Structures are given as C-alpha cells and as structure tokens.
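Q: Hi! I have this one open on my screen and would like to walk through it with you. Could we start with a helix pair?

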Amino acid sequence: MERWIGKVAVVTGASSGIGAVIARELAKAGMVTVGLARRVERVEAIKSQLDKDRASKLHALRCDVSKESDIVSVFEEIEKRFGGVDVLINNAGVVRDTALFRDDGAQLLRDILDTNVIGLTLCSRKALKSMKERSVDGHIIHINSIAGHRVLNFPHMNMYSASKFAVTAITETMRNELREMKSKVKVTSVSPGVVKTEIVDGLDDHRDFPKLECEDIANAVLYALGTPPHVQVHEIIIKPVGEAF
C-alpha cells in the first residue's frame, strides 16, 4: 500500500457497514479518504476511532449516488478540494423487498438499479475522467456480491441479484474499454457472501446464516490495492465458512 500513501480514495456508501470500515482502513493506511454518504454525520463519527493524524485524512461529503446531480457536484468538489481521484471504491448499494410479479409499482425497482448500477457507472466515469486528466494509473473497485454470480433462492431479492449481475458484466465491460484505451487503470470486483451489516440484520431470512465481518471485505480491498502495477485482480469471491450457497 506504500504507493497509495497520500493519494485520494473515494468510498461511496461510507456511512455504515462495509463502506464505513473500508473508509476507516484506507485512512489508517495513509490515504486521503473521502467518504460519500447521505448521512455524513456517521462518516464524521468514524474519525473518533482514529488517532489525530489518521483522522485528519478522513473527510465526509454528502452524496446520494442514485442522483446524477449529486454525483456531478460532489466529484467537482473533490477535484477542487483534493486535486482528483486516484482510487474509487463503489460500495453504495441498496436492497429492497421486491417481487417481479407483484403489482406494487416501479419505484422500488428503480431505487435498486439507480443506486447499484447507474450510480456505480456514473461514479466510475467521473473517477476515470479524473485519472486520465492527471495521467494516474488508478484503481476502481466494485463491491459486488455472490448474488451477482448466482441467483439465490430469496424471491424478495430478485432485482438485487439482477443489479449485481449487471455489476459483474459492467466490470468486464470496463476492463475491455480500458484495454482498448491502452489505460493502466485497474478494475476489480469483490463479491462477498453474507456480511454482518445493518441491511442484512434487518432481513429475517438471513439471521441464522454464517456471516463475514465487514473487516474481511476491507482486507480484500487492501489486498487488491496492494498488488504491483502489473498485477490486476479481476474477481475476489469471499464466503464465510459453512455458507450453503
């Protein structure tokens, strides 16, 4: 991680769970870390876990990645305040109780796709633009899911799985486009199984499952970032011991 010390990392969905731990660990590793979240006060609270020097490296900016206007304005602010983006962690994601054949309107479906797919893509566009303009060989990491590789038998999660399958496809599409551009920017997908987070704890179906800790996913992110410039980790799939799917 030495080559990233002092460089700028942006973490979406940094107010809780996986995103909060990733933001904390990147700041501890010496990166200037910008946590994007709707609840910025929770990102600010993470600073209390850090010593003075590391806390000074963690910054909170308000952003709802389901809104394009928020993404445009926050990346402009990042350019002005921090000089650009070297690493992007696309962590923001939502789960909604949806059923494809239940007649309850389209908004819940749009909520998932706007955050998990469109928001991820637009943030990646902005980050890559910043990297290209400064000739930075940066790194984009998507926090995906095993639900992006296999449709799980949880009917209420149908559109969530579809959104994560899209992330798997988008990761490869980005890699192809970057190769055509002769870019050295890396793209990595990290796909956890069930992780102990506020979202998962709120789902009755998941309470008795083996679970990973958020730190397990943060460690995978640090590993991918710590590889030499010529090494690109395409996909990391992480499951807790005893997981049945």
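Q: Which residues in H1 meet which in H8?
A: On the H1 side they are Gly-17, Ile-18, Val-21, Ile-22, Arg-24, Glu-25 and Leu-26, and they meet Cys-214, Glu-215, Ile-217, Ala-218, Val-221, Leu-222 and Leu-225 in H8. Contact here means heavy atoms within 4.5 Å, and helices are DSSP runs of H or I with at least four residues, numbered from the N terminus.

Q: How do the residues of that contact divide into nonpolar, polar and charged?
A: There are 10 nonpolar, one polar and three charged. Ala, Val, Leu, Ile, Met, Phe, Trp, Tyr, Cys and Pro count as nonpolar, Asp, Glu, Lys and Arg as charged, and the others, Gly among them, as polar.

Q: Before we go on, what sort of model is this?
A: It's a predicted model, where local features need pLDDT of at least 70 and side-chain atom pairs count only at pLDDT 80 or more, while totals for chains, interfaces and linings use all residues. Residues are numbered from 1 along each chain as its sequence is written, and side-chain values use heavy atoms, with hydrogens and water left out.

Q: Thanks! At what angle do the axes of H1 and H8 cross?
A: Roughly 50°, with the axes of H1 (residues 17-28) and H8 (residues 214-225) coming within 8 Å. The two helices are therefore oblique to each other; angles under 35 degrees would count as roughly parallel, over 145 as roughly antiparallel and 65 to 115 as roughly perpendicular, with the rest oblique.

Q: New topic: how many salt bridges does the structure hold?
A: It holds 11, each being a side-chain nitrogen of Lys or Arg within 4 Å of a carboxyl oxygen of Asp or Glu. One of them pairs Asp-53 with Lys-57, with the closest N and O atoms 3.4 Å apart. Salt bridges that share partners also join Arg-24, Glu-25, Lys-28 and Glu-215 into one network.

Q: And what about Glu-44 and Lys-47?
A: Their side chains meet in a salt bridge at 3.8 Å, N to O. Glu-44 is partly exposed, at 39% relative accessible area, and Lys-47 is partly exposed at 24%.

Q: Last one: is Val-117 buried or exposed?
A: Val-117 is buried, because its relative accessible area is 12% and buried means under 20%, exposed over 50% and partly exposed in between (1.4 Å probe, protein chains only). Val-117 sits in helix H5, residues 107-133. Leaving aside residues up to four places away in sequence, Val-117 touches Ile-112, Ser-163, Ala-166 and Ile-170.

Definitions and conventions. Axes are lines fitted to C-alpha atoms, for helices over the stretch in contact, and angles run from 0 to 180 degrees between N-to-C directions.
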